[in-house]
Amino acid sequence: MGRLVEGIWRDEWYDTDSNDGAFVREDAGFREWVEPNGRFAPESGRYHLYVSLACPWAHRTLIMRKLKGLDEHIAVSVVHPHMLDQGWEYDQPEPLYGFTRHYQLYVKAKPDYTGRVTVPVLWDKQDATIVNNESADILRIFNSAFNELTGNTDDYYPSDFREDIDRINARVYDEVNNGVYKSGFATSQKAYEKACSTLFAALDWLEELLGERRYLAGKRITEADWRLFTTLVRFDPVYHGHFKCNIRRIEDYPNLAGYTRELFQWPGVADTVDFHHIKQHYYYSHDMINPPRIVPLGEGMDLQRPHGRDKLR
Ligand SMILES: N[C@@H](CCC(=O)N[C@@H](CS)C(=O)NCC(=O)O)C(=O)O
C-alpha cells in the first residue's frame with residue numbers, strides 16, 4: 001500500500017496520526033466527464049475500466065456497466081486481490097501498455113502525479129489518460145453518457161428522485177460506505193468507537209426505511225441502492241470481523257438482509273460479486289490489522305434464499 005509523490009511510488013500506510021487515529025479518505029484526482037461533443041466523446045471501444053473485484057467502489061461501476069449494457073463497449077481489467085507494497089498489481093500485464101502495476105497508469109496519465117493510486121479507473125485509450133477515478137462520477141457517466149450507443153435508457157438517477165437520492169447518498173457514503181473503513185482503519189479506541197456507533201445508527205435507520213420502502217428512494221431502484229449494496233454484500237464476511245463492525249450482522253436485520261438478497265439476485269448482478277477476491281483482498285492485504293494473514297472460511301449470509309421483498313410492491 002502506498003502512494004505516488006511527484007510520479008515516484010512510495011510505500012506507506014494511511015496517515016492516521018495527524019487526525020487523532022481517524023482515517024480520512026483522499027479525494028479522487030481525475031474528474032473529467034464523457035459527453036457528446038466534449039473532449040471525451042461516448043464511443044464504443046474507446047474506454048477501458050480498471051477495477052478490483054474486492055473493492056466496493058469499483059464494484060459499483062461494474063454493476064452499472066452490466067445494467068446499462070456496456071459490456072461490449074467498455075472492456076475491463078481486474079487487479080490481483082492482494083494489495084501489497086507496490087499497491088494494486090496485475091497478474092497478467094494489462095492489455096493496453098503491458099503494465100503490471102496499477103500506479104504505472106497514473107504516471108502515464110500524469111508523470112508528476114501526487115496522490116493515492118486507486119481503483120476504479122476509467123481510461124481513455126485515445127488520449128492515453130485517466131478520464132475519471134471517482135466511482136460516484138463513473139456511475140453517472142455510465143448511467144447516461146452512452147445511451148445513444150446502447151439504446152439502453154434505464155435511468156438510475158431520475159430527475160424527480162434526485163433530491164432524495166442525493167440526501168440518502170450523502171449519509172450512506174459518510175456513515176456506511178466509508179464508515180466501515182473509518183471503523184476498520186482507526187488507530188485509536190475513540191476514533192473506532194465513534195465510527196462504529198455512527199455506522200450502526202445508520203444501519204438502524206436504513207433497516208427502518210427499508211421496512212417502508214422496497215428501495216431507498218421509493219418504489220424504483222436507483223443508484224443509491226447500488227451504492228449501498230456493494231458495502232452490504234461485504235459486511236458479514238469481511239467488515240463484521242476484519243473491520244470490527246460487530247455490533248450486529250446484516251443477517252440480523254430482516255429488511256436489510258432481504259434487500260441485500262434481492263439486489264444480489266438482480267439479473268446480471270451475482271456475476272459481479274466475487275467472494276474469493278473480496279476475502280483475499282481484505283484479510284491478506286491489511287497485515288497491520290491481521291498480521292498472520294489468515295483468511296476466515298465463512299462467507300456470510302446465504303444470498304440465494306428468497307428475498308421476500310415483493311410484499312412491499
Ligand atoms: N473515491 C474513490 C475511492 C476509491 C478507493 O479508495 N479504492 C480503494 C480500493 S477499495 C483503493 O484503490 N485504495 C488504494 C489506496 O488507497 O491506496 C472512489 O469511490 O472511486
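**The open sheet**

Let's start with the sheet. Four strands make up an open sheet, and the order across it is β4-β3-β6-β7. The pairing is mixed. At the edges sit β4, residues 75–78, and β7, residues 129–132. Each of those two pairs on one side only. On average, neighbouring strands here are turned by 35° against each other, direction ignored. A word of caution before I go on: this is a predicted model.

Strand β3 covers residues 47–51 and runs parallel to β4, with 4 bridges joining them. Which residue of β4 is the bridge partner of V51? That is V78. As a reminder, side chains in a regular strand alternate between the two faces of the sheet.

**The hairpin**

Strand β1, residues 2–5, pairs with strand β2, residues 8–11. The sense is antiparallel, over 4 bridges. G2 stands opposite D11 of β2. The two strands form a hairpin, with 2 residues between β1 and β2. Look at E6 in that turn: its phi is positive, about 45°.

**The annotated site**

On to the annotation. An unreviewed UniProt entry has a "binding site" annotation covering W88, R116, V117, T118, V119, E134 and S135. I'll take two of these residues.

V117 first. It is in the loop between β5, residues 115–116, and β6, residues 121–124. Is V117 buried or exposed? Buried, because it has 24 C-beta neighbours inside 10 Å, and the cut-off for buried is 20 or more. What does V117 touch, leaving aside neighbours within four places in sequence? The contacts are R3, L4, G87, W88, H102, Y103 and Y106.

Then T118. This residue lies in the loop between β5 and β6 as well. T118 has 23 C-beta neighbours inside 10 Å, so it counts as buried too.

**Helix α8**

Last stop, a helix. α8 runs over residues 223–239. Where is its kink centred? On F229, with a bend of about 25°. How covered is α8? Mostly: 17 of its 17 residues are buried. For reference, an α-helix has 3.6 residues a turn, so residues three or four places apart point the same way.

That's the tour. Questions, please.

Note on methods: Residues are numbered from 1 along each chain as its sequence is written. This is a predicted model: local features need pLDDT of at least 70, side-chain atom pairs count only at pLDDT 80 or more; totals for chains, interfaces and linings use all residues. Two strands pair if DSSP finds at least two bridges between them. Axes are lines fitted to C-alpha atoms, for helices over the stretch in contact, and angles run from 0 to 180 degrees between N-to-C directions. UniProt positions are given in the numbering used here, feature names are shortened, and annotations may be inferred rather than shown by experiment. A residue is buried if 20 or more other C-beta atoms lie within 10 Å of its own, exposed if 12 or fewer, and partly exposed in between; C-beta atoms are placed from the backbone. Two residues are in contact if their C-beta atoms, placed from the backbone, lie within 7 Å. The bend at a residue is the angle between axes fitted to the seven residues ending there and the seven starting there.
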